[in-house]
Amino acid sequence: MGTRFRLFVQPPFEDARSSPEVVEVSSPAGSLAAGPADDRMFVVEPVGKTGPYGVNRGPLGTPYMFLPPWTGKILEPAAPDERGNFDYLRPSVPGFQAAHVFGCVRFTLDVWERYLGQPLTWHFRDHYDRLEISILPRWNNAQYGYGFLEVGSQFERDGRILPFSLDFDVIAHEVGHAIIFSVLGVPRPGTEYPEYLGFQEAFSDCVSLIAAMHFPSVIDNVLAETRGNLHRANRLSRFSEFSPHRQIRSANNKRTMREFARGWKDEHELSQPLTGAIFDILVDIFHESLVARGLISRAVEDLADIAEFDPVAEASVQHAFDRAFALNSDGFVEALLDARDIAGTYLAETLWALAPDFLEYGDVAETMLAIDRQESGGQFAGIITGNFKQRAIGKLHAGAHLKGGEHRSHVHSARILLPMDHLDLPKMSYRERVLLSRSGIGQ
């Protein structure tokens, strides 16, 4: 038996009708301590921690490095019930957010460790045994870095504070960065191409998407909404990462590398062609599975490809999917789950095969084609090649990093800091060190 949590698939502040679902993660019953915590990660809600980890400014303005562990005061940790579960906690009670963020991280790891074929080994293992998961309600961002994953809040103009600790997409996206750093690694100095940064965001979006598809309610709701016509706007094609301003990114987009060949400002935007190509590959594999099962005809599948770019054909495509779905909805579920697992497997195997140095999107395309030959004898080669070509991936490359996107960019952020990087920072005066220690912030 595993351990039960209540998780929001759709955060309550985006859908007032949303309610948490009871899920069981792989942590053996009774194995989790208060926090929640286990031998790989733990949650803390710091008291008095006003800023995130990374390079911060001291009381007199000198930059200094701030990394785990947090040794100051914390709120009362969430405790398991007598059977070791956390699903007794309701959204309105203390401890729910801590349990929720832990459950989301563990759920996402459960999904992706199956595709990766082994448990994830943290990339910070040389300095920390466990991942510190922090909740900072007064901070307007979320990030994963060396030894930590911390989530803040979105501050709305009407005064509402929307905690990222209740947003599965945000949390799963940050776990995606953990997976990349732990499997792919960090580029050596001088070898980081812009498309490595875009790949970080695109792959992390896909981690969130594939993980969300492991909630039966997501599959049911998406198919009920679209009848299998996934190019129609739906839950799967939207990601809600806030970095630091509300920014909804769509996997079902038409962006190509032509938009970035002369330069780019923000890696989240740069990621869109790659995310879009992978989403289209998932949808096309789903369509092929529907055809193979006799649920739609080849003519309908061809028309769906046309409708992606010709709005005139959309009504006919939707009508055909409506009819087919009504005849065998269970078959549509099976086909979508198959497509999900093929896409997840291909992405995981691609990650294992890539190298971070000089990484370009074309490397992702070529590697995925090689994985397809290995896994299926090239069954989906046409789909993979066509979707990457459509985005000019492998043909055009990202230009220079332009000014103007720094407020949203993760370039030079805490995400890529290492403990040794403190040697590159100026030395703080004795007076400033005393002031910092008295503040309790820098510890």
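Me: So helices are DSSP runs of H or I with at least four residues, strands are runs of E with at least two, and both are numbered from the N terminus. What follows α4?

Reply: R227 comes after α4, and its phi is positive, near 55°. This is a predicted model, where local features need pLDDT of at least 70, side-chain atom pairs count only at pLDDT 80 or more, and totals for chains, interfaces and linings use all residues. Residues are numbered from 1 along each chain as its sequence is written, and side-chain values use heavy atoms, leaving out hydrogens and water.

Me: Which residues of α4 are buried?

Reply: In α4 (residues 216-226), they are S217, V218, I219, V222, L223 and T226. Buried means under 20% relative accessible area, exposed is over 50%, and partly exposed is in between (1.4 Å probe, protein chains only).

Me: What covers them?

Reply: The cover includes β2 (21-25), α3 (194-212) and α6 (272-292), along with α8 (314-327) and α9 (329-353).

Me: New topic! How many salt bridges are there?

Reply: The whole structure has 16. A salt bridge puts a side-chain nitrogen of Lys or Arg within 4 Å of a carboxyl oxygen of Asp or Glu.

Me: Which residue pairs with R391?

Reply: That's D280, with the closest N and O atoms 2.8 Å apart. R391 sits in the loop between α11 (381-390) and α12 (430-439), while D280 is in helix α6, 111 residues apart, so this pair links distant parts of the chain.

Me: Are those two buried or exposed?

Reply: Both R391 and D280 are buried.

Key
Contact = heavy atoms within 4.5 Å.
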